[in-house]
Amino acid sequence: MGMGVKVKVWGDYALFSRPELKVERYSYDVMTPSAARGILEAIYWHPGLKRGIDKIYVKNGVKSKISASNVLSVYNGANKPIYISSKEEIVQRASIILTNVEYVIEAHFEMTENANETDNPGKFKDIMMRRLRRGECYHMPYFGCREFPAHFSLCEEEEIQTAFDDVPEKDLGLMLFDMDYTDKANISPMFFRAVMKRGIIDLRNCEVIR
């Protein structure tokens, strides 16, 4: 395993769409590994670098869900309450999104065949650390949709407190792990069984289902 880094990310809204729901976009309860990787790539990308997501710490974002149509209406000046008020509202083809989310992404760096002779995991970690401390990114990272920006910073906490430290275990069911691009003509989703233990989803050695 390569050298690691921890990144704190937070924002007002998030939508980590469930691929099995074709019409209405409904968010997973927490960030997916592919979304976490996308955020890190927005901060620093290099063809010789591959990121492995080890853990996702859930500091907030499981319990609060709202209708995205209400959020967008408020953005446009409408005077609407930002909450789900009835079953009738849910059946309107609106997205169901998370609010007030905060996570810590723990990841490591590995080399790819496109790395140069002078490249190494330590070099990539140093670059990533500098960018995190300066708030630099190639493009603004986001939580599932570009309308929902993700703020970020280097996490230097030795012990990370989550919002679910007192919850021994919570089974979140099958969750999207990533997309399989092996066959470009038949791109397919990969899933894993997401189990949150005291606010942490450990992705090391998890079983991926294709």
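**View 1. The second largest pocket holds about 340 Å³ of space.** A pocket here is an open set of points on a 1 Å grid over the protein atoms alone, where a 1.4 Å probe fits, with protein on both sides within 12 Å along at least five of seven lines. Grid points are joined across faces, edges and corners, and the volume is the space filled by probe spheres set on them. This is a predicted model, where local features need pLDDT of at least 70 and side-chain atom pairs pLDDT 80 or more, while totals for chains, interfaces and linings use all residues. Numbering starts from 1 along each chain as its sequence is written, and side-chain values use heavy atoms, leaving out hydrogens and water.

**View 2. Here's the lining of that second largest pocket, made of 18 residues.** Lining residues have an atom within 4 Å of a point. S34, A35, Y142, G144 and C145 sit nearest the centre. Helix 1 gives the largest share, seven residues; helices (H or I, at least four residues) and strands (E, at least two) are DSSP runs, numbered from the N terminus.

**View 3. Now for the largest pocket, with about 540 Å³ of space.** Its lining counts 24 residues, and R37, K50, R51, G52 and D178 are nearest the centre. Helix 1 (33-43), strand 2 (49-60), strand 4 (96-111) and strand 6 (170-180) each give two or more residues to this lining.

**View 4. Zooming out, the protein chain has four helices and nine strands.** Starting at the N terminus, the elements go β-α-β-β-α-α-β-α-β-β-β-β-β.
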